[in-house]
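Open the model in your viewer and keep the selection tool at hand. The stops below say what to pick and what is there.

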Amino acid sequence: MRVLFVGHGPAHVPWIIPLAWACRLAGHDVRVAVRPQCTAPVTKAGLVAVPVGDEAVAGAAAARRLDLGPGRLKATGASMAALDTDLAEALVEKMIAVADTLTDDLVAFARFWRPDIVVHDTAAAAGQVAAAVLKVPAVGHTWGVSLGVHCERESELRPSYARLFERFGVAPLVGPSVWIDPCPPGLRPPHGVRRADMRYVPYAGPAEVPRRLREERPGGRPLVCVTGGVTTTALDEVRDQVVATLREQGAEVVLAVTAEQARATGPLPDGVRMVESFPLDVLLAHCDALVHHGGVGSGLIAVTRGLPQLLLPRNAFQEHWAHLVRESGAGSALPAGATGDAVGAAVRDLLTRPSYRERSRSLRDEIAAMPAPDRLVGFLEECVRAGHTDVPTPRKAD
């Protein structure tokens with residue numbers, strides 16, 4: 001079986017690596033089609049990357065500025081929130097605009113390589129177009145949140161989506177979709193698309209474990225990781241305050257930063273360390289809690305380690321994830337304007353309230369019970385047997 005994976009932006013690529021490798025280890029041929037800026041993470045993972053599109057053109061579409069908040073959530077029930085309708089629409093239209101810059105190259109490669117199935121990031125609508133042109137199944141793969149391009153019924157067919165297909169002379173994909181979803185049920189908002197559960201396996205690239213992470217910490221003090229993620233400067237304005245409060249509580253602190261962030265960081269106080277461009281899943285194996293910006297990847301990695309988390313979101317996406325974590329009981333969150341006493345109280349609460357860790361461990365157990373990526377390979381094989389427009393309903397795990 002030939003499996004064509006189609007990625008979206010740099011922050012999305014790690015989500016598809018585990019399933020791509022599961023397919024490869026099962027003996028299938030795998031190619032990962034991504035924008036040129038995303039080829040390095042694919043090849044560093046030992047997979048074959050196919051650059052598609054002109055990066056300048058795709059990047060310009062991806063750089064379209066939207067009002068991402070904060071404060072762009074709407075209530076959808078007693079314990080749930082979602083992005084407001086206008087913002088969600090704008091995000092989907094932006095995804096389609098990026099796809100429009102990639103489809104010519106992707107379809108050309110797909111016609112050459114002839115995959116049996118296309119597994120696409122739910123934000124990468126170009127994958128749906130390639131599948132329609134070749135008349136092979138298309139299966140989505142979420143990036144931890146329930147947002148992407150799909151059309152479940154004719155009434156949902158948007159003109160921009162239809163135009164992606166029209167220039168290739170094929171009908172747009174309309175009908176029940178299936179998304180492979182690594183988010184545990186306890187953190188997953190309701191959504192109309194069918195889900196195929198898959199255990200979340202974090203991937204953030206290779207690393208060498210430094211000596212300080214191979215030694216026992218003196219005094220048994222908690223070690224707390226603080227990070228603003230790899231694609232944002234979200235915590236820059238409050239990081240020093242968070243670190244100072246953690247130190248007042250007797251915790252040691254490790255800052256997880258990018259190379260650019262490291263260059264901008266001055267001398268560190270006693271009890272504070274810094275790791276640069278280091279896989280977060282490896283680092284959090286040695287930590288007791290996480291303070292972060294509200295990134296889905298950072299938050300889910302903390303859950304896989306059973307760690308409590310404090311979220312300090314700065315945009316609507318981060319607010320959405322913070323809301324889900326807070327409602328799950330696995331951590332707490334503060335609004336964007338919180339400073340001073342509120343941050344101090346939240347840090348103390350994070351380190352002293354046992355229920356956060358208990359609930360995070362419960363979610364970790366949910367993840368462990370989900371089918372491992374190799375189990376999803378069989379589902380993809382079943383999709384190929386079913387054909388182009390008859391993607392089967394995923395069976396629940398035993």
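Select Arg-158: it is buried, with a relative accessible area of 17%. Buried means under 20% relative accessible area, exposed over 50%, and partly exposed in between (1.4 Å probe, protein chains only). This is a predicted model, where local features need pLDDT of at least 70, side-chain atom pairs count only at pLDDT 80 or more, and totals for chains, interfaces and linings use all residues. Residues are numbered from 1 along each chain as its sequence is written, and side-chain values use heavy atoms, with hydrogens and water left out.

Arg-158 sits in the loop between strand 7 (138-141) and helix 7 (159-166), and Glu-93 in helix 4 (residues 85-100), so the pair ties together parts that are 65 residues apart in sequence. Glu-93 is partly exposed, at 28% relative accessible area. The term salt bridge requires a side-chain nitrogen of Lys or Arg within 4 Å of a carboxyl oxygen of Asp or Glu. Searching the whole structure finds 14 salt bridges.

Next, select Asp-181. It counts as buried, at 1% relative accessibility. Which residue meets the side chain of Asp-181 in a salt bridge at 2.3 Å? Pick Arg-195. This pair links distant parts of the chain: Asp-181 is in strand 8 (residues 178-181) and Arg-195 in strand 9 (residues 194-197), 14 residues apart. Both Asp-181 and Arg-195 are buried. Within it, the closest N and O atoms of Arg-188 and Asp-181 are 3.1 Å apart. Arg-188 is buried, at 16% relative accessible area.

Move to helix 1, residues 13-25. Helices (H or I, at least four residues) and strands (E, at least two) are DSSP runs, numbered from the N terminus. Helix 1 has 13 residues and reaches 19 Å from first C-alpha to last, close to the 18 Å expected. The expected span is 1.5 Å times one less than the number of residues. Its buried residues include Trp-15, Ile-16 and Cys-23. After the helix comes Gly-27, with a positive phi near 100°.

Finally, select the cysteines. Cys-383 is buried at 0% relative accessibility, and Cys-183 is buried at 1%.
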